[in-house]
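Hi everyone, thanks for coming.

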Amino acid sequence: MQPALLKTDVRFLPQCYQQYLSMRNMLVEYKDWQLTVDKLTTATVYGRVQTGGAESCGCVDCQNFATQRTTVYPAEIKELLESLGVDWKKEVEVSHYARLENGDHYYGGWFHFKGDFVGFNCERTTSSDGFTLELTDITPKFSIGFRRANSLTAFNKADRLVQVEFECKVPWVLDRQLEQK
């Protein structure tokens with residue numbers, strides 16, 4: 001007969017250890033996705049990242065994005081990213097795609113978190129051995145999606161990474177002109 005203290009029932013684990021375990025395997029539900037995240041590892045990695053991808057680049061296109069970052073992400077997206085352990089001020093990459101007819105500028109970028117997801121994978125294979133993204137609209141100017149990828153990751157181990165893709169439309173707010181490509 002086992003003594004009661006040797007049972008593996010979590011009720012007998014110290015509360016701080018229970019919190020540690022819950023941070024390593026959290027379930028976050030968002031829209032039609034179920035996201036399993038190692039929030040502790042994700043937050044630790046983002047804590048080591050100095051700046052977001054837009055600041056790291058420093059080009060005028062990225063400066064325009066960084067200048068208005070606080071208004072680019074809808075509140076629910078900031079809350080989602082924070083619940084995943086992701087610092088929304090430190091996107092991995094930002095790319096300027098185009099100036100739209102209405103004057104807005106079309107950007108895309110991504111974040112990572114350690115974990116997995118169940119739900120719609122936004123990566124769509126094309127006939128030319130490439131892929132395109134099919135994102136979900138959150139607002140008329142912001143879309144998001146999830147896929148299993150590790151492009152330019154700051155994580156030491158690239159296994160079990162989810163790439164959080166986003167696209168947005170924002171105005172040009174800088175005095176300087178868009179960079180010519």
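How many aromatic pairs are there by the ring-pairing rule? That rule pairs rings of Phe, Tyr and Trp (its six-membered ring) if their centres lie within 6.5 Å, and it calls planes under 30 degrees apart stacked, over 60 edge-to-face and the rest tilted. The count comes to 13 aromatic pairs.

Take Phe 65 and Phe 166: their ring centres are 6.1 Å apart and their planes are at 25 degrees, so this pair is stacked. It links distant parts of the chain, with Phe 65 in helix 4 (residues 60-67) and Phe 166 in strand 9 (residues 161-170), 101 residues apart. Helices here are DSSP runs of H or I with at least four residues, strands are runs of E with at least two, and both are numbered from the N terminus.

Before I go on, some housekeeping. This is a predicted model, so local features need pLDDT of at least 70 and side-chain atom pairs count only at pLDDT 80 or more, while totals for chains, interfaces and linings use all residues. Residues are numbered from 1 along each chain as its sequence is written, and side-chain values use heavy atoms, with hydrogens and water left out.

Buried means under 20% relative accessible area, exposed over 50%, and partly exposed in between, with a 1.4 Å probe and protein chains only. Phe 166 is buried as well, at 2%. Phe 166 also pairs with Phe 142: the centres are 5.9 Å apart and the planes at 10 degrees, so that pair is stacked too. Phe 142 lies in strand 8 (residues 142-147) and Phe 166 in strand 9, so the pair ties together parts that are 24 residues apart in sequence. Phe 142 is buried, with a relative accessible area of 2%.

Lys 78 takes us to helix 6 (residues 75-83), where the buried residues are Ile 77, Lys 78, Leu 80 and Leu 81. They cover an arc of only 160 degrees around the axis, which puts them on the same side of helix 6; the arc is that of the directions from the helix axis to the C-beta atoms. On the other side of helix 6, Ala 75 and Glu 79 are exposed. After helix 6 comes Gly 85, with a positive phi near 85 degrees.

One last stop: Gln 68, in the loop between helix 4 and helix 5 (69-72). Gln 68 is buried, at 8% relative accessible area, and its side chain reaches the backbone oxygen of Pro 171 at 2.8 Å.

Thanks, and happy to chat!

Notes
A polar contact is a pair of N or O atoms within 3.5 Å; within protein, one must be able to donate a hydrogen and the other to accept it, and residues adjacent in sequence count only if both atoms are side-chain atoms.
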